[in-house]
Amino acid sequence: KPTDFKNDQVLFRAFRFGGNSIVPDSDYVAAVTAETVLEECGWGGFSAVELEKKLAGKIAGLSPFIAALSQGVTGNASPRDLEILFQLVRLQFASPRKDTAAFRAYQSRLKDSIQNRSLRPESALTDTLQAVLTCRHFRGRPMTAAMLDEMDLDASLRIHRERFADASGFTFFLAGAFDTEDIKPMVLAYLGGLPSTGSGETWKDVRMTYPRGVIEKTLRRGIEPKARVVLVFSGTYEWNPKNNAAFNSMTDALDIRLREVIREDMGGTYGVSVSGGVKRIPRPEYGVTVSFGCSPGRVDELARAVLSQIDSLKTGGPSARIMQKVQEAQRREFEISMKENGFWIGRLMQHYVDGQDPRGILEFPGFVRKTNAKAVQKAARRWFDMRNRVKVVLLPETDGTP
């Protein structure tokens, strides 16, 4: 996607299905830490420090990743340094480097970071949510110092080579200040020359699913007189552009209403947020998260107020005023995003992953217009399922009474 938004920016992405889903559980930690570990080791004949010196004064950077269902690289460059970016692609695909000292140093820093993190009360909340929302799946474990013993440099090197050995399954995306004819020689030389075996590898479903039923947990950590409440609604989903538009408008409408009621009218919190997401693979699912902070004594009152606003959305739908705000904000955000390279590379990649025609990106304003209050009400009835919800509350260790 050549653009003229920024004359000094080219964004680059590449991905292939597979990821850590196809490694055995015994190699899981080595897989999720592999790319950070290897970046610490450097690439080809260069240590991380040497490579940094080589790139001094250049605007070109690239980082590999191995996610749950895919692996790839993400990077950026200025147009004048674009060939260096392509060279880094070649280097990171074909030439991982082993550096035991760098690995041990990183492992030690990671252990210190995890230990410091465990001292923060909020960590107990996020770790509990992660465990609950993955049904305590082996691969949903929060990272602990003990798990670092499962890190293995040789296994990480092997996994990287396995994931990047066959470039024939990779798809590459570029957006920014370039001319397609000008970059064609670099594409042919550096991407066309990557190793290819035609293995046809793809992702595997490891059966990590949202929990069913109603789950409520209360944690006590820290001494500060503050609380945090997180509500999560989840379930199966019918993935299509129309549902996606209604889902987004539903979460936006609730977010506006909760800010008005919980923060402004009730003065119960400085911040309340609603976020939601849908996914198509490995199975269509959705999740909606409502979170807010408040004083410990107002947890139940505000949680009831949240559920009351959800019920109002389900029974009466959003008001015309709220719906107007939602549509105006979505249109404005789309208009602004249309002039950003990050938007284009992200949407192009997502449409490809979902098997959608990329021309559908331009149809978003039409879905905004067609998604009315009735559609949002129907969405709320469908996806705010009170039979499947998680509530986790973080409270201080004491209630402050003498």
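The model described here is predicted. Seven of the seven residues of β9, which spans residues 389-395, are buried, so the strand is largely enclosed by the rest of the structure. Strand β5 (residues 214-220) runs parallel to β9 and is joined to it by seven bridges. Strand β6 (residues 227-236) runs antiparallel to β9, and six bridges join these two strands. Arg389 of β9 is the bridge partner of Val214 and also of Phe233.

Helix packing was examined for α2 (residues 34-41) and α7 (residues 153-164), whose axes lie 9 Å apart at an angle of about 105°. Because angles of 65 to 115 degrees count as roughly perpendicular, the two helices α2 and α7 are described as roughly perpendicular to each other. The residues that meet are Ala34, Glu35, Val37, Leu38 and Cys41 in α2 and Leu153, Ser156, Leu157, His160 and Phe164 in α7.

Across the whole structure, 29 salt bridges are found. One of them links Arg139 with Asp25, with the closest N and O atoms 2.8 Å apart. Arg139 belongs to the loop between α6 and α7 and Asp25 to the loop between β1 and α1, so this pair ties together parts that are 114 residues apart in sequence. Arg139 is buried, at a relative accessible area of 8%, whereas Asp25 is partly exposed, at 36%.

Glu260 forms a salt bridge with Arg321, the closest N and O atoms being 2.8 Å apart. Since Glu260 lies in helix α9 and Arg321 in helix α11 (residues 320-337), the pair ties together parts that are 61 residues apart in sequence. Glu260 is buried, with a relative accessible area of 11%, while Arg321 is partly exposed, with 42%. Salt bridges with shared partners also join Asp27, Arg158, Glu162, Arg163 and Glu201 into one network.

Lys314, in helix α10 (residues 299-316), is buried but has no salt bridge; Asp311, the nearest side chain of opposite charge, is 5.7 Å away. Apart from neighbours within four places in sequence, Lys314 is in contact with Gln377, Ala380, Arg381, Phe384 and Met386.

Conventions:
Residues are numbered from 1 along each chain as its sequence is written. This is a predicted model: local features need pLDDT of at least 70, side-chain atom pairs count only at pLDDT 80 or more; totals for chains, interfaces and linings use all residues. Side-chain values use heavy atoms; hydrogens and water are left out. Helices (H or I, at least four residues) and strands (E, at least two) are DSSP runs, numbered from the N terminus. Buried means under 20% relative accessible area, exposed over 50%, partly exposed in between (1.4 Å probe, protein chains only). Lys and Arg count as positive and Asp and Glu as negative; His and the chain ends are not counted. A salt bridge is a side-chain nitrogen of Lys or Arg within 4 Å of a carboxyl oxygen of Asp or Glu. Contact means heavy atoms within 4.5 Å. Two strands pair if DSSP finds at least two bridges between them. Axes are lines fitted to C-alpha atoms, for helices over the stretch in contact, and angles run from 0 to 180 degrees between N-to-C directions. Angles under 35 degrees count as roughly parallel, over 145 as roughly antiparallel, 65 to 115 as roughly perpendicular and the rest as oblique.
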